[in-house]
Amino acid sequence: MQALTERMGRALGRDVPGLVGLFVVILVVFGLTTPHFLSAANFGSIAFQLPDLGLLTLAMLAPIMSNGINLAIIATANLSGLTLAWILNMNGGPQAGVFAFVVGVVAALAVGGASGAAMGATIAYFGAHPILASLAMMIFLRGLGEFLTRGGDISGFPDFLREIGHGSILGIPAPMVVFIVAAVVWHVLLARTRHGFSVAMIGSNPRASEYSGLAVKRSLTLVYALSGVMCALAGIIMLTRFNSVRVGHGDALLLVTVLACFLGGVDPFGGFGRVAPVFVSLLILQTLSSGLNLLGASQHLSTAVWGLFLIAVMVARSSTLRTLAAGFRRSETGQASR
Amino acid sequence: MTSPSPASPIPASEAIRFEHVSVRFGGVQALDDVSFSVGRGEVHCLAGENGSGKSTLIKVVAGVYQAAPGARTDYFGESVTSLTPKLARARGVAVIWQDLALFPEMSVAENIAFDGLVGAPRLVNYRAIRATARTALAKLGVTLDLAARLRSLPISGRQLVAIARALAADAKLIFMDEPTASLTQAETDHLLAVVRTLSASGVAVVFVSHRLAEVLEVSSRVTVLRDGRLVGVFNAADMTQSRLTELMTGRRFDQAVTARDVGEKPIVVQTAGLTRRGEYEGVDLTVRAGEIVGLIGLIGAGRTELAHTLFGMARADAGVIRLSGSPVAFASNREAIRAGVAYVSEDRLALGLVQPQSIADNTVITILKAITGAGGLISEARKSAAVTKGINEFAIKIGRPDDAVSTLSGGNQQRVVLAKWLATSPRLLILDCPTVGVDVGARDGIYRIVRGLADRGIAILMISDEVSEVYFHSDRVLHMAGGRIVAEFDPRRIAIADLERAVYA
């Protein structure tokens, strides 16, 4: 039994029980104070909203583990969504068939992967700082997208896309199903494969990793390429949910994904991160926002509450606080440090 | 071996006199009833291994740590208690740490005059700064471009700036932490000349080091610490490096030379005329299966660069490397590893291990393919089998395999490094300073492991800057200096003192 819990702890991450506890507390507090909070409709809406932020957070998680960051996630998602939209439009717009959709999805994923790979290669082979490289990629993709769309929306898609964006499979919203599958794949990739192992090692110390024979440059390029693919998936889901694509759509989520990673215990200095606690922290953030929404607070207030909440979590976790606590205990017992 | 005579009486006029100094950190007795004194204008050596209490003692003198009650702490004839770093500086004590603590983006003049600049906000008088800097450099008898950015100077130049900065702050007693560690021979000679000038003008200098061959000649006395206790104070004139090592480690060199003939075992690695411009030149070297070849040389001799080339991390400009007879030209260290070359870096902290990650992950990092099972997933069973094998084979003392490798002692960390490389079944193992940062007590264990690996038929190239290391633990010793292999010695046919003379002269 103990061995099992230990194995679970290792597989999922040590932060999971605490975060689940926090999630339950939030559920109870809102459940007692807010009418309609514990309703199927509310959970349905959470389950429809979560996947956008969730997929983008997964795309952010892997680069952060490699001690980098991908600031181009929204721009990549937008441009991948545009790619799909164009292919649908070229094939008749609302009359486009399933085949056109499949081709469009493959093309969108390829665009996401290629832009990620280009960014990763810049970082890995030319030593560019991840912040600068991904910022440059973000500006490039954004500018390109705005140039090609002239700043407008692209819409007019076939009806079956609504089934993906708003339909359900066995009662679970389809976007949520996509997100859960993506999260499981990401978990396996990061926790169980050679690539995930390399990313963690490189995130902690790229030079020692290189001396140990890891293909540092290749792994770094791959991590951004895969991040780009995940962005593309987010872009596709956003397209099906909103039935339109526009450059800049989802911009507000960029930094929230970073914070969701940190809330989920991902080490901001790289090397450590698990999908499971990040998943739970996404649930927490989305539930907070939806609870506040039901209370009648504006969307802006709920963003502010997210910020405060994350600051509180950082403080609660900080080593300074632990040191202070330890120092307090020591002075209590009257032991001088010298 | 001659025993050094006890030190001559302490000079009448003293810079500092410390007696009965004890410092305790939690459960660790860092200093235990230590006495330490330095005469005015004296050049003194403070010697001891890592963890011997050297740094603690300097920090007590510099006012960073307080000695336990009962200590005598005199500065220039005055008893001073409840010292702070600021007070110690005002008394004329300056410490130049190994990292120098200078400002790379500021000018030479600003760095030198820095201590006079901090404090109340006011406008900066650049003319006064230059004047201060010029005076301080004149005392040292050196000229530097005052306007140059510090980062444009070599380490030796920066060190002079640090000394000038101490003088500008009216230092009368300067501690220098490992000052010669990254200097060339010519730069070391220059530094020693500067120290003589300082000493003549009444400024005392204390060298803090565990490698003192170069500085012994300018010093008058040596204070040796071991495990937080005073071993003794000795005349520098009677001291040799080997005697000093013995005093620092507390071990007599009754350890025997382990060199042996490997005979006509197959040649594992052979280089001919290997050259990399500016680093090493015309290196011919052979290591046979089961042989330990010691490569001794000071920092800057080109030894690590040579190792990097054999390990595929640097390209040679000319010459050939043959591995088991066939010429090789590695494009990366991954090719070298596949070909059976392993390299234990001298910098375990930054390059040898991924410190924050687990012992288990560090052990299998070199054999990821071998522990990958069905579907491209890492097999937990194979991984833990490999980890257990490494831990048992090298008798690594750990808590749990999931603990960060940084929680281990230096000796156990080095065993993890050896375990991860042995997992690749190498035919050539390059050890770069294998016992640096390893406690003396744990070194024997490492040497025994290395000998055991050689007995298994692995060719071993052991790079070191400690003569005793290669003398006692290799079959042949190559001496590298200025990028060339200048001599070869058989430890069985030369006395260690002669080898030391050859290397450190």
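**View 1. The buried residues of helix α10 of chain B.** The residues of α10(B) that count as buried are B:Arg303, B:Thr304, B:Leu306, B:Ala307, B:His308, B:Thr309 and B:Leu310. A residue is called buried if 20 or more other C-beta atoms lie within 10 Å of its own, exposed if 12 or fewer do, and partly exposed in between, with C-beta atoms placed from the backbone. The helix spans residues 303-310 and is mostly covered, with seven of its eight residues buried. After α10(B) comes B:Gly312, which has a positive phi, near 80°. Helices (H or I, at least four residues) and strands (E, at least two) are DSSP runs, numbered from the N terminus.

The model is predicted: local features need pLDDT of at least 70 and side-chain atom pairs count only at pLDDT 80 or more, whereas totals for chains, interfaces and linings use all residues. Residues are numbered from 1 along each chain as its sequence is written, and chains are lettered from A and ligands numbered from 1 in the order in which they are written.

View 2. Domain bounds come from an automatic or database domain assignment. For chain B, that assignment gives domain 1 (13-92 + 172-247), domain 2 (100-170), domain 3 (255-340 + 426-505) and domain 4 (354-425). The C-alpha centres of domains 3 and 4 of chain B are 25 Å apart. Domain 3 contributes 11 residues to the contact and domain 4 contributes 10; two residues are in contact if their C-beta atoms, placed from the backbone, lie within 7 Å. On the side of domain 3 that touches domain 4, the largest share, four residues, belongs to helix α16 (residues 440-455) of chain B. This side of domain 3 has eight nonpolar residues, two polar and one charged. Here Ala, Val, Leu, Ile, Met, Phe, Trp, Tyr, Cys and Pro count as nonpolar, Asp, Glu, Lys and Arg as charged, and the others, Gly among them, as polar.

**View 3. The side of chain A that touches chain B.** Chain A provides 19 residues to the contact, and chain B provides 25. In chain A, the elements that give two or more residues to this side are α9 (194-204) and α10 (206-211). The largest share, five residues, comes from α9(A). Seven nonpolar, eight polar and four charged residues make up the side of chain A that touches chain B.

**View 4. The fold of chain A.** Chain A contains 15 helices and four strands. Of its 338 residues, 46% count as buried.
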